[in-house]
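The exercises below are meant to be worked with the sequence and the 3D structure side by side. Try each task before reading its solution.

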Protein chains: 2
Amino acid sequence: MVVTYLDLVKAVDSVPYPDQSAYKTSVLEQSYVFLAHNGTPLGRILDSVADALSGEPEFVVDTTARTVQLTPADFITRNQVIASLAARWRAERRYAVLLGWRNELYTVYNPTSKAYLLIERAAAALFGVVTYGVHIVGYIPPNKLAGQPFRFWVPTRSPTKPTFPGMLDNTVAGGLGYPYGVLDTAIKECGEEAGLSEDYSESHLQPAGAVTYCYRHEYEDGLNLFQPEVEYVYDLEMSEDTVPKPTDDEVAEFRLMTADEVHAELVAGHFKPNTALVQIDFMIRHGIITPENEPNYLELLALMHRRMEYPTR
Amino acid sequence: MVVTYLDLVKAVDSVPYPDQSAYKTSVLEQSYVFLAHNGTPLGRILDSVADALSGEPEFVVDTTARTVQLTPADFITRNQVIASLAARWRAERRYAVLLGWRNELYTVYNPTSKAYLLIERAAAALFGVVTYGVHIVGYIPPNKLAGQPFRFWVPTRSPTKPTFPGMLDNTVAGGLGYPYGVLDTAIKECGEEAGLSEDYSESHLQPAGAVTYCYRHEYEDGLNLFQPEVEYVYDLEMSEDTVPKPTDDEVAEFRLMTADEVHAELVAGHFKPNTALVQIDFMIRHGIITPENEPNYLELLALMHRRMEYPTR
């Protein structure tokens, strides 16, 4: 089966937009707005999860307004409330998404980009809050004289990974855990996932924007959770000699692939969904995908840079 | 006065989004939806312009649904209707925006990206339809060994230009007139506005995405028109020896400016508004603006890549 780049992007930015008719049926009628104690919207909570929260003392569930409010005005208290709730639900094996428990805290931001709430990574989708990561595309620039096209260092995910086993990936990727910064996380992940030295990463990592989207994903228990996501994007110029080496068991192998080979793997659906989107962003920024060769050029760009309805970093 | 990059972007992407409360008062309550004969939304028409159209035989104005429908099912007829209407309004000096008559046709697209309607460039804002252009940033790459930062070839607009006289601009920019393609227009404009040869432009122009936004601008007659715009973005690597030469009277002079100088001119408000946005996009893609040095990094990216509510190219 062959898919288009637009299919790939829509599979990741899969939540309808407020001006589309499907927004009412598949967003408004299926979920509650998750509110901060001061009324700021922070995310989307599925109806069944809102039901579960109605018995919790620190939450106010308003079935008319369809909102769930977290009431503590204090940062530390909020974090404790969410941490103990998530731990209890995990122990009860209540939600499949919590089986992927990471022991890593994600930050939810308020409108002035300050940390408002810390939440276990695996629990973020239950509250539909915005999460953050870094994605790094390692590439070898084209050499026109030698007839060499763009090439990419593409890892295959380990066949034993719980999520997307065996699929192709961006060279390096990782979540933005509290309290690390964006560049710090990028450098750390380049070491952990590709065996690159801090010096090399620091001098070669080139920030190049971000992709933003709202992903909806159905877990094993049938819960179809909302996940607004931000992936900061870095380009990493490499050479044939800068061979990335897996240093953990997350990656099976790295292969050097030409832009044509990457294209073939993308449209065959072999890339992990959100890494396909990052790869497409790279190829647009570097003129591999052009207004002339891609009929959905403008729509790709818009959907990959979704404006978030909630405060972000 | 010093402004932020976010101020600059919001001044161009200045129409509220459907989930914001201001959308109701400043979009829904001030304008009608411009519909194709088959009901596809194509743009936004101000109430007073919708009033003027209610007397026109080829338009159906529905004051309850707040829609204006162009009825001819045939491409040629539609173009004639719009052309004769725009010419009549121009002769009557009815709308200030038509004083900038260009004798250039813009294309309005249907959902399958086919030409649906041709409209005089100056009349596009009266119907609030999406318009298209190309913007080209001519730059000299940094030379780390020589301590040279990114530099840009920045033109000053002629002091006699009717729009934004004396302001700074992208190296080259131009509208996408029917029936020219994107790259064709870029090459043509590089010749006209910077004296660059077709060969040079063709081998050096690098497509790098597009910026999309919805601009609202008040004309001399007080009409505050909607203008959704797409600007295809090209990077053009140049050298100190590739000096662009104005070949028409639109540009007063070109100056070579460092990234720091460009930053200072941007925050001083000296760039033409939508070229500021293109310059910011370049600086994000090339790692000059980073998640570390720009607090509104994510919002800039989202607002510069607005998803259009109407069909596009």
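**Exercise 1.** Is strand S2 (residues 41-46) of chain B mostly covered or mostly uncovered, and how many of its six residues are buried? Then describe how strand S2 of chain B is paired with strand S1.

*Solution.* The model is a predicted one, and the values that follow are computed from it. Step one is accessibility: five of the six residues of S2(B) are buried, so that the strand is mostly covered, given that buried means under 20% relative accessible area. Step two is pairing: strand S1 (residues 31-35) of chain B runs antiparallel to S2(B), and five bridges join them. Within this pair, B:Phe34 is found opposite B:Gly43 of S2(B). Step three is the connection: S1(B) and S2(B) make a hairpin in which five residues lie between the strands, and in the turn B:Gly39 adopts a positive phi of about 95 degrees.

**Exercise 2.** Determine which residues of helix H8 (residues 259-267) of chain A are buried, and what they pack against.

*Solution.* The buried residues of H8(A) are A:Ala259, A:Val262, A:Glu265, A:Leu266 and A:Val267. The partners of the buried residues of H8(A) are helix H1 (5-12), strand S8 (151-157), strand S12 (251-258) and helix H9 (273-285), which belong to chain A. Just beyond H8(A), A:Gly269 has a positive phi of about 80 degrees.

**Exercise 3.** Classify B:Glu189 as buried or exposed, and list its contacts.

*Solution.* B:Glu189 belongs to helix H6 (residues 182-194) of chain B. Its relative accessibility is 8%, and B:Glu189 therefore counts as buried. Leaving aside residues up to four places away in sequence, B:Glu189 touches B:Val134, B:Val172, B:Ala173, B:Gly174, B:Gly175 and B:Ala194.

**Exercise 4.** Work out how chain B and chain A are related, and characterise the contact between them.

*Solution.* Chain B is superposed on chain A by a rotation of 180 degrees with 0.0 Å of shift along its axis, at an RMSD of 0.0 Å. That is the relation of a two-fold axis. Because 100% of the interface residues of chain B are also interface residues in chain A, the copies meet through the same surface. The contact draws 36 residues from chain B and 36 residues from chain A, and about 2800 Å² is buried between the two chains, 59% of it on carbon and sulfur atoms. Two salt bridges are counted between chain B and chain A; B:Arg307 and A:Asp19 form a salt bridge through their side chains (2.9 Å, N to O).

Definitions and conventions: Residues numbered from 1 in each chain as written. Chains lettered and ligands numbered in written order. Predicted model: local features only at pLDDT ≥ 70, side-chain atom pairs only at ≥ 80, totals over all residues. Heavy atoms only, no water. Helix = DSSP H or I, 4+ residues; strand = E, 2+ residues; numbered from the N terminus. Buried < 20%, exposed > 50% of the residue type's maximum accessible area, 1.4 Å probe, protein only. Contact = heavy atoms within 4.5 Å. Pairing = 2+ DSSP bridges. Least-squares fit on C-alpha atoms with pLDDT ≥ 70 in both. Buried area = accessible area lost by both parts, 1.4 Å probe. Salt bridge = Lys/Arg side-chain N within 4 Å of Asp/Glu carboxyl O.
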